[in-house]
Amino acid sequence: IICVGESQKIRNKKITNQFIKNQIRECVPDKISSNLIIAYEPLWAIGTGIIPNYEEIFNIHNVIMDELSYIENLKVIYGGSVNIENCSKILKLNSVHGALIGGSSLKFKDFLAIYKSAVKQI
């Protein structure tokens, strides 16, 4: 799993897409041709309870998939303040293949609710 994501400063400059592409180019080894998981986890969202809007998540995941279109079985997951309130909408986005759960994984009931929400998406 390779995590990519931008700071609030990068987001404010509206250069997130290019920043993510650069991270991918620097972090993904050339020899990988299959079975890679990229986690898009904006730094400003981690532990804050704030996430990008759903359209932003969808678009950035598509940028990642386009950049790595040569990789077979590529999965792009979302992380950054995933919780029981937003997980269902995040997982319904067709560019999101899963979620990287942080703080909510430490609370069994919350994590179980997220798991149940994910299972409904399958």
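At roughly what angle do the axes of helix α2 and α3 cross, and within what distance do they come?

1. The axes of helix α2 (residues 16–27) and α3 come within 10 Å and cross at roughly 40°; axes are lines fitted to C-alpha atoms, for helices over the stretch in contact, and angles run from 0 to 180 degrees between N-to-C directions. The crossing is right-handed, meaning that the near helix is turned clockwise from the far one by less than a right angle. Helices (H or I, at least four residues) and strands (E, at least two) are DSSP runs, numbered from the N terminus.

2. This is a predicted model, in which local features need pLDDT of at least 70, side-chain atom pairs count only at pLDDT 80 or more, and totals for chains, interfaces and linings use all residues. Residues are numbered from 1 along each chain as its sequence is written, and side-chain values use heavy atoms, with hydrogens and water left out.

3. Four strands form an open sheet with parallel pairing, in the order β1-β2-β3-β4; pairing requires at least two DSSP bridges between two strands. The edge strands, β1 and β4 (99–100), each pair on one side only.

4. Three bridges connect β1 (residues 2–4) with β2 (residues 37–40), and V4 stands opposite Y40 in β2. Between β2 and β3 (residues 75–79) there are four bridges; I37 has K75 as its bridge partner in β3, and I38 has V76.

5. Helix α3 lies across β1, β2 and β3, running at about 145° to β3, where contact means heavy atoms within 4.5 Å.
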